[in-house]
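Visitor: Could you walk me through this one? I'd like to start with a strand and then look at the ligand.

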Amino acid sequence: MTWLVTGGAGYIGAHVVRAFEAKGIGTVVVDDLSSGRRAFVPAGVPFVQASILDGPALEAAIAEHGVTGVVHLAGFKYAGVSVQRPLHTYQQNVTGMATLLAAMEHGGVEQIVFSSSAAVFGTPDVDLVTEDTPKHPESPYGESKLIGEWLLADQARATGLKHTSLRYFNVVGSGSTEVFDASPHNLFPLVFDALLEGRTPRINGDDYATPDGTCVRDYIHVADLAAAHVVAAERLAAGEPVEAAYNLGSGDGVSVGQIMRTVADVTGIAFEPEIGPRRIGDPARIVATGERAARDLDWRMRHSLEQMVESAWQARNAAS
Ligand SMILES: NC(=O)c1ccc[n+]([C@@H]2O[C@H](COP(=O)([O-])OP(=O)(O)OC[C@H]3O[C@@H](n4cnc5c(N)ncnc54)[C@H](O)[C@@H]3O)[C@@H](O)[C@H]2O)c1
């Protein structure tokens with residue numbers, strides 16, 4: 001049993017690979033290194049440098065490594081940038097998914113776990129998002145993730161494909177000092193980069209209708225997230241029932257202001273964040289319940305906020 005991990009050289013994918021390997025489940029990584037790093041892939045895990053748009057390369061990897069299932073993380077994930085680059089986003093995330101599904105069908109691979117996103121919900125008008133909350137994506141990125149979910153459902157109806165989509169909320173932390181979030185658009189790397197370069201971290205807006213005026217998000221630790229992928233894969237492989245989608249959220253909102261205070265505590269660097277204007281399109285609060293994933297995927301928050309910040313800071317420093 002070998003699982004193909006697309007995007008396995010990325011921040012989350014590299015954690016997923018480690019979680020599978022720790023359970024004794026073999027993996028092979030396909031990644032074009034557009035945002036990932038070869039060094040994030042553990043030694044001994046086969047690595048194929050190729051795009052998911054390259055059908056023949058995917059077919060060859062599936063055949064050569066005896067792939068029986070896929071965790072599909074590769075994609076273009078910058079929601080803000082996707083507004084300026086809709087064609088690129090659709091090509092990577094929608095054509096990429098279709099190309100992957102065709103290669104899976106060709107190779108007789110019948111199970112897939114897909115990285116979806118909280119972005120499928122847009123700005124939900126509820127305190128706690130559930131799987132049934134209406135989907136109103138507000139960017140090409142969010143749309144492409146929702147289309148990815150639809151593609152899986154359609155392919156399942158046509159071929160019997162077994163699938164589930166995991167909708168991540170705000171993924172942070174590190175489960176290994178070898179892997180860190182290098183995204184130029186995510187809060188943790190932005191704050192750490194500022195501190196390491198002697199700049200003051202910035203909060204975008206402190207006049208939201210939230211307890212401290214800053215945006216509230218749902219932060220989850222990447223190692224907890226990775227563990228849920230293994231359970232999802234094991235259930236698919238065992239033919240156990242899974243839902244078409246799970247929200248991987250904590251049920252608990254944390255404000256950007258709270259993150260800043262925790263960063264100051266953990267790093268020992270005292271700072272008062274600069275307050276900038278609101279960023280267009282930033283909702284005041286998005287928090288999800290992960291109850292359905294807790295029921296089926298042993299999904300739990302095994303890390304505190306301090307551990308999320310501390311592990312991310314350690315990994316970021318180990319890399320520099
Ligand atoms: N980080 C988050 O908070 C978050 C939240 C929701 C969903 N997601 C989704 O999780 C997945 C992984 O995100 P991440 O944070 O690890 O990002 P990342 O950029 O670190 O990882 C993405 C990986 O995919 C690879 N890749 C991109 N396009 C490819 C292509 N065409 N062919 C092959 N490889 C390709 C990149 O090189 C990279 O290694 C993405 O699909 C993203 O949309 C992430």
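Visitor: Is strand β1 largely enclosed or exposed?
Guide: This is a predicted model, where local features need pLDDT of at least 70, side-chain atom pairs count only at pLDDT 80 or more, and totals for chains, interfaces and linings use all residues. Residues are numbered from 1 along each chain as its sequence is written, and side-chain values use heavy atoms, with hydrogens and water left out. Strands here are DSSP E runs of at least two residues and helices are H or I runs of at least four, numbered from the N terminus; buried means under 20% relative accessible area (1.4 Å probe, protein chains only). Five of the five residues of β1 (residues 2-6) are buried, so the rest of the structure leaves β1 largely enclosed.

Visitor: How much of the ligand does the protein bury?
Guide: An oxygen atom of the ligand is 2.8 Å from a polar backbone atom of I12. Taken alone, the ligand exposes 820 Å² (Shrake-Rupley method, 1.4 Å probe). Of that area, the protein buries 95%.

Visitor: Which element gives the largest share of the shell around the ligand?
Guide: α1, β5 (111-117) and α5 (140-159) each supply at least two residues. The largest share, three residues, comes from β5.

Note on methods:
Buried < 20%, exposed > 50% of the residue type's maximum accessible area, 1.4 Å probe, protein only. Polar contact = N/O pair within 3.5 Å; in protein donor to acceptor, adjacent residues only side chain to side chain.
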